[in-house]
Amino acid sequence: MTSNFQAEHFVAPIDETPLLATDSVKTDQAPLSLWSEAWRKLRRRPLFIVSSLLIVLLLVIALFPGLFTQVAPNDNCDLQFSDGAPQPGHPFGYTFQGCDVFSRVIHGTQASLSVGVLSVIFVLIIGVTLGALAGFFGGWLDAVIARLGDIFFALPLVLGALVITQLPFFKDNKSVWTVVMVIVLLAWPQMARITRGAVIEVRNADFVTAARSLGVSRMGSLLRHVLPNALAPIIVLATMELGVFIVAEATLSFLGIGLPGSVMSWGNDIAAAQSSLRTNPAVLLYPATALSITVLSFIMLGDALRDALDPKSRQR
C-alpha cells in the first residue's frame, strides 16, 4: 500500500523578509572596544552620574576646604558655645568643646579620603603585582603567593589592626601613613585573588598565544596583552574597596587605634560625639552622614562600573 502524501512547504514572500536590511553590517564604523562600550553605557546611567558628581564634590571639598568654610576647625573653639545650636555662619552648631561642627566635617573630609585613596593605591600596587605573577606563571610561585595571602586573608580587619597597632612602631607613630600601612597589610590578598583569577582567564586567549608565537616574551605578554584585558574586575573592586577603607579608618579611629585625636577625621568626630549623644545628637549625625554618603557614592560607582565592564552582570 503506497501513500501519496506530499509535504507542503510554506515560504514567506521575499518582500516580507528584507534580508539585506536585516543582515546589513556597517562596515564604515570600527567596532567598539570594551572601554568605549562601557563608557557608552555609563554615561546613560543615572547611578553613575549621581555617584560621580558626589565623588567630584567630595574631592573638591578635600582639596579646597577654604571654599566652603572660613572658620578654623580648632582655633575658634569656645566653651561658652558648648553643644550650642546652629547660628548664622555655623549651620551645624557646636561640639562639646565649642568647636564648629560644619568646619570639622569639611576639614575631616581630607583625612578620611586620604586614607582611602592611599590605601587603594598601595593595595593595587601590591595585590595586582602578586596576583598577576601568580596567575600568569603559576607553579611554585602561585603556591607561595596563595599561601602567603591565606595567612593575611584569615585575619579580620579590625582584629588584625588591634594586634598590629600594638606594635611599638605603630603605637608610637600614629598618623595617616601608619593607618594606611595597617589597612594595606591586611587588605592586599583580596585584590591579589581577583587579579589572579582575571589573569588566569585571559592568559590562554588566542591573542596571547599569537603574541607569544610572534616572539613576545612572557613578561611582555603579561604587561602588554594580559593585564590590559584583565583590568575590568580590578577597577570595580578598587572602587568598592575605597569606600570600605574609608569605613575601616573611621572604625579604627572610633576605637582609638586609628588616627590620633589631633587629626580631624569623621571617625574621631564620631568617637568624640559619644559624650553628647543624648543632649546633642546632631554632633554625631553630621559626620556620620558625611561618612555614609561618601561610602555610598563609591559603592554606587562600583556597581555602575561592574554592570558596564563585566559581561556576565550586564543588563540585557
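Residues 24 or more positions apart account for 70% of the contacts in the chain with a separation of 6 or more. The model is predicted, and its chain has 13 helices and zero strands. Of the 316 residues in the chain, 40% are buried. The chain exposes about 18,300 Å², and carbon and sulfur atoms supply 65% of that area.

**Nonpolar core**

- The largest nonpolar core holds 61 residues, of which Ile183, Met191, Val199, Leu222, Val226 and Leu291 touch the most other members.
- Helix H8 provides the largest share of this core, 12 residues.
- In soluble globular proteins, nonpolar side chains tend to be buried together.
- Leu291, one of the core residues that touch the most other members, is in contact with Ile246, Ala250, Trp266 and Ile270 when residues up to four places away in sequence are not counted.

- Helix H10 covers residues 218-226, and Gly220, Ser221, Leu222 and Val226 are buried within it.
- Leu222 and Val226 also belong to the group of core residues that touch the most other members.
- An α-helix has 3.6 residues a turn, so residues three or four places apart point the same way.

**Leu305 in helix H13**

- Leu305 lies in helix H13, a helix that spans 282-309.
- Why does Leu305 count as buried? Leu305 is classed as buried because its relative accessible area is 11%, and the cut-off for burial is under 20%.
- Leu305 and Ile235 are 70 residues apart along the chain, yet their C-alpha atoms are separated by 8.0 Å.

**Largest cavity**

- Rolling a probe the size of a water molecule over the atoms shows where empty space is left.
- The count comes to one cavity of 30 Å³ or more, and the largest cavity has a volume of about 50 Å³.
- The lining of the largest cavity consists of Thr165, Phe170, Lys174, Thr178, Val179, Val182, Leu252, Ile257 and Gly258.
- By residue class, this lining divides into five nonpolar, three polar and one charged.
- Helix H8, residues 176-203, gives the most to the lining of the largest cavity, with three residues.

**Thr178 at the cavity**

- Thr178 is among the lining residues of the largest cavity and is found in helix H8.
- Is Thr178 buried or exposed? Thr178 counts as buried because its relative accessibility is 7%, and burial requires a value under 20%.
- Leaving aside neighbours within four places in sequence, Thr178 is in contact with Phe169, Phe170 and Asn173.
- Among these contacts of Thr178 is Phe170, which also lines the largest cavity.

**Second largest pocket**

- The second largest pocket has a volume of about 260 Å³.
- This pocket is lined by 14 residues, and Leu58, Ile61, Val105, Ala290 and Ile293 are the closest to its centre.
- Which helices each supply at least two residues of the lining of the second largest pocket? They are helix H3 (46-63), helix H4 (101-137) and helix H13 (282-309).
- The lining of the second largest pocket divides into 12 nonpolar, two polar and no charged residues.

Methods: Residues are numbered from 1 along each chain as its sequence is written. This is a predicted model: local features need pLDDT of at least 70, side-chain atom pairs count only at pLDDT 80 or more; totals for chains, interfaces and linings use all residues. Side-chain values use heavy atoms; hydrogens and water are left out. On a 1 Å grid over the protein atoms alone, a cavity is a set of points where a 1.4 Å probe fits but cannot get out, and a pocket is an open set with protein on both sides within 12 Å along at least five of seven lines; lining residues have an atom within 4 Å of a point. Grid points are joined across faces, edges and corners, and a volume is the space filled by probe spheres set on the points. Helices (H or I, at least four residues) and strands (E, at least two) are DSSP runs, numbered from the N terminus. Ala, Val, Leu, Ile, Met, Phe, Trp, Tyr, Cys and Pro count as nonpolar, Asp, Glu, Lys and Arg as charged, and the others, Gly among them, as polar. A nonpolar core is a set of buried Ala, Val, Leu, Ile, Met, Phe, Trp, Tyr and Cys residues joined through side-chain atoms within 4.5 Å. Buried means under 20% relative accessible area, exposed over 50%, partly exposed in between (1.4 Å probe, protein chains only). Contact means heavy atoms within 4.5 Å. Accessible areas come from the Shrake-Rupley method with a 1.4 Å probe; for residues, only the protein chains shown count as cover.
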